[in-house]
Amino acid sequence: MNLVHVDHSSLPPFLPEKARILILGSFPSVESRRQGFYYAHPSNRFFPVLAAALGFPEPRGIMERKALLEKEGIALYDVVYSCDIEKSKDETIENVVPIDLEAILEGRGIKRIFTTGKKAESLFRKAFSIDFTPLPSTSSANARMGKEKLVQVYRKEILPFLR
């Protein structure tokens, strides 16, 4: 295993002023860190799933993605602030330093926290003792769950906190 220590300093949280929900992944992929925004890998289905769940066309590019998130009151970040990781492989994450969740939530109207994927869920449970809702991963590694099923789950879980 070729682990590298990486932190979130190059990819700050996306925190719209009127955010009502916070969606946390585990740690950004190499591609997301390179592009400077979340869920940037072309095979990740996060934005197609989220947009469909909210009833919007899929946003293209970072600016459209940010506009959708801002309009709907959705903040994005990750459970892990820094860790040792091989490439973008969640299963290799070690030496975790969690985010400062209290600072993220302070003064914001966040009604609900969600995690995406099993790794984010388990890391959140280890680091924090507050209520949250785990969502299935939109990564292509979660091939057993098709896009339509993901859209149904995301719509059911997220919409009540946005509308």
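Let's call a residue buried when its relative accessible area is under 20%, exposed when that area is over 50%, and partly exposed in between (1.4 Å probe, protein chains only). Helices (H or I, at least four residues) and strands (E, at least two) are DSSP runs, numbered from the N terminus. Keep in mind that this is a predicted model, where local features need pLDDT of at least 70 and side-chain atom pairs count only at pLDDT 80 or more, while totals for chains, interfaces and linings use all residues. Residues are numbered from 1 along each chain as its sequence is written, and side-chain values use heavy atoms, with hydrogens and water left out.

Two strands count as paired if DSSP finds at least two bridges between them; strand 2 (residues 21-25) and strand 3 share five bridges, in the parallel sense. Along that pairing, Ile21 stands opposite Ile74, and Leu24 has Tyr77 as its bridge partner. Zoom out and you get an open sheet of four strands in the order 3-2-6-7, with parallel pairing. Strand 3 and strand 7 (133-135) are its edges, each pairing on one side only. From one strand to the next, the twist averages 25°. (Axes are lines fitted to C-alpha atoms, for helices over the stretch in contact, and angles run from 0 to 180 degrees between N-to-C directions.) Helix 5 (residues 118-127) packs on this sheet, touching strand 2, strand 6 (112-116) and strand 7, and its direction makes about 130° with that of strand 6.

What about the nonpolar core, meaning a set of buried Ala, Val, Leu, Ile, Met, Phe, Trp, Tyr and Cys residues joined through side-chain atoms within 4.5 Å? The largest one has 50 residues, and Leu22, Ile23, Ile74, Leu76 and Ile158 have the most contacts inside it. Take Ile158: leaving aside its neighbours within four places in sequence, it is in contact (heavy atoms within 4.5 Å) with Ile21, Ile23, Leu50, Phe114 and Leu135.

Among the buried ones are Phe46, Pro48, Val49 and Ala53. Their cover includes strand 2, helix 3, strand 3, strand 6 and helix 6 (147-162). Just after the helix, Gly55 takes a positive phi of about 85°.

How do helix 2 and helix 3 (residues 61-72) cross? Phe47, Leu50, Ala51 and Leu54 of helix 2 make the contact with Arg65, Leu68, Leu69 and Glu72 of helix 3.

Finally, there's an open sheet of three strands, ordered 1-4-5 with antiparallel pairing. Strand 1 (4-7) and strand 5 (94-98) are the edges, each pairing on one side only, and here the twist averages 10° from one strand to the next. Strand 1 pairs with strand 4 (residues 80-85) over four bridges, with Ile85 as the bridge partner of Val4.
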